[in-house]
Amino acid sequence: MAKQTPKTFRNLSIYQVFVRQHTPTGDFKGLMKDLDRIKSLGMDVIYLLPIHPIGEKDRKGSKGSPYSIVDYYAIDKDYGTLEDFKQLINEAHNRGMKIMIDIVFNHTSRDSVLTKSNPDWFYRKPDGTLANRVGDWSDIADLDFRVPGVSEYLIDVLKYWAQYVDGFRCDVAPLLPLEFWMEARKQLDPIRPDLIWLSESVEYGFIKYLRDIGFDASTDSQIFEAFDIAYDYDIFSFMDGYLHGRNSLERYLYEVWRQETVYPKNYVKLRSFENHDQERLASKTKDSHQFIQMTSMQFFLKGSTMIYAGQEHQIKKRPDLFELDPLPWNDLESIEPLIQKLTTLKKDPLFTDGIFEILDSKDIAIISYRKGHRKLIGIFNLEGKNVAKVDLPNGIYQNLLSDNTYQVKNSMLLLDQEPIIFEVFE
C-alpha cells in the first residue's frame, strides 16, 4: 500500500453520483442544489462518474456511456461548463466535502481526440482497426502503454485536474501497468499530497483470465503499492453469493477477515455493496429489514464506505448507463436518518486503529473493534433470528443507532429487526 496512506481514510464516507441521472436537470447546477442534503447524510467525499464528453462513433444507447471519453481535458456540455464545475467544487468545499472524479485511462471513445492526433497510441486488430485487449466493446478502444508518450500524456491529464479536485477514482486501474500508477504518484504527490487515490480493482477470476491470454493485471496487494483505497472486488462475489444463496454468510465474513492477513497493516478497503456496475443492494436482499441490516454492516466493516446515490432511499433499479434514466427518489423508503447515524459513528477513532474482530458469522454477524478499555460491538441480524449469544456481562445496553435498550442475561440477547451497535467499557 502507499506507505503514506493515513489510516483515517477508514473513517471516510463516500457518495457516488451519476450526474446525468441524479437530478431532473442532470447537470452540475442540479447537483449543487442537492449538496446540503448530501452533507446532512454525513458524507465526506462526492465521487462523480466521468464528466467528459462522450463519443459519437458506435455509441451505445442514445446518450452513450460516460466511460467512452472523447477528450480528457473537456467537460460534457450537458453537465455545464468548467466554471460550473469549479463552482460545484467550491460549494462542496464550503460544506466541508471533497470532490473526486472518475479517471478512465484504459481506453477512450473510438472518435476521441487521441485517435486523431496520436493514432499509434492504440491497440489494433491485424487489419488496422481499433481494438480492445479483452472483449470487443463497440464504443471504446484501448490505449497501448507500451508506446512512448502515452504515460506522459495521461500523467499531465492528472496534473491538470489536480488543480481542481480532491481525489481520483481510477477505472479498472489493475489493467494499466503498475509502473504507470507509481510514476503518477511520484509526480503528483509533491503537487497535491492530499489527493485521495481510489482504485477500482477487478475480481480475481478476471485477473487470471487476462494473464492466461497473455496480458497482465495487478492484484489488490500490488495495487496497494500505489493507491490509498481499493475496491473490495476481491471478495465481492462472496457477499453477492451470500445474498443469492450460493455461499454462506460465514464464508463471506471469513473473506473479510482474511483481508487482515494478506494486505499491508494500513490497508483501506472500500466497502460498497452497489455501484453503477453492480445491481442495487435493495434488489438482492429478501426484504427491507435485511437491506437495513446489510447497509448498517457495510458501514461497520473495516475500511471506507461508499454508497451509490439512491441507496439511502432503498432504490431497487440501477440507473441505465447509456440512456437518460433519472433516479426515482422515494422519501417513503428513506433511511437517511440511519445513514446519518452510521456516518457519524464512522468517525469514531476505533474504526481507524482499533483491533477488528469477527465474533460470530453464522446467521448473525457480530463484529467488534477494541482498543484499551473501549469496545464497539455491532450485531447485525441478517436472517431475522430471535436471539444471539454475546460475550457480554449481564446488564442493560444502549443501542447507538436508536433510543432502544437491550438486556443481556446469561450471555443471551433478545433480538428484533433493528441493527444494534453497543459501546462497552471493559
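Which residues form one aromatic cluster?

1. F28, Y73, Y79, F85, W121, Y153, Y160, W161 and Y164 form the cluster. Across the whole structure, 30 aromatic pairs are found; rings of Phe, Tyr and Trp (its six-membered ring) pair if their centres lie within 6.5 Å, with planes under 30 degrees apart counted as stacked, over 60 as edge-to-face and the rest as tilted.

2. On the basis of the note: this is a predicted model, in which local features need pLDDT of at least 70 and side-chain atom pairs count only at pLDDT 80 or more, while totals for chains, interfaces and linings use all residues. Residues are numbered from 1 along each chain as its sequence is written, and side-chain values use heavy atoms, with hydrogens and water left out.

3. A closed barrel of 8 strands runs in the order β1-β2-β3-β6-β7-β8-β9-β10, with parallel pairing. From one strand to the next the twist averages 30 degrees. Strands here are DSSP runs of E, at least two residues, and helices are runs of H or I, at least four residues, both numbered from the N terminus; two strands pair if DSSP finds at least two bridges between them.

4. Y47 stands opposite M100 in β3. Helix α4 (residues 82-94) packs on the sheet, touching β2 and β3, and its direction makes about 135 degrees with that of β3. Axes are lines fitted to C-alpha atoms, for helices over the stretch in contact, and angles run from 0 to 180 degrees between N-to-C directions. Contact means heavy atoms within 4.5 Å.

5. The largest nonpolar core has 122 residues, of which L48, F85, F105, F168, W181, Y252 and M297 touch the most other members. Helix α6 (residues 150-161) gives the most to this core, with 7 residues. Apart from it lies another core, of 15 residues, among them I364, I366, Y397 and V408. Such a core is a set of buried Ala, Val, Leu, Ile, Met, Phe, Trp, Tyr and Cys residues joined through side-chain atoms within 4.5 Å; buried means under 20% relative accessible area, exposed over 50%, and partly exposed in between (1.4 Å probe, protein chains only).

6. F85 also belongs to the aromatic cluster. Not counting residues up to four places away in sequence, F85 touches F28, L48, I51, I75, I99, I101, W161 and V165.

7. R37 is placed in helix α3 (residues 35-40) and counts as buried because its relative accessibility is 19%. Leaving aside neighbours within four places in sequence, R37 is in contact with Y15, H22, E312, W329 and E336.

8. Helix α10 (residues 236-243) has 7 of its 8 residues buried, so it is largely enclosed by the rest of the structure. The buried residues are F236, F238, M239, D240, G241, Y242 and L243, and their cover includes α11 (249-262) and α12 (288-300). G245, which follows α10, has a positive phi near 80 degrees.

9. An open sheet of 4 strands has the order β14-β17-β16-β15, with antiparallel pairing. β14 (387-389) and β15 (395-398) stand at the edges with a single partner strand each, so one side of each is left without a neighbour in the sheet. Between β16 (residues 405-409) and β17 (residues 412-414) there are 2 bridges, and K409 stands opposite M412 in β17.
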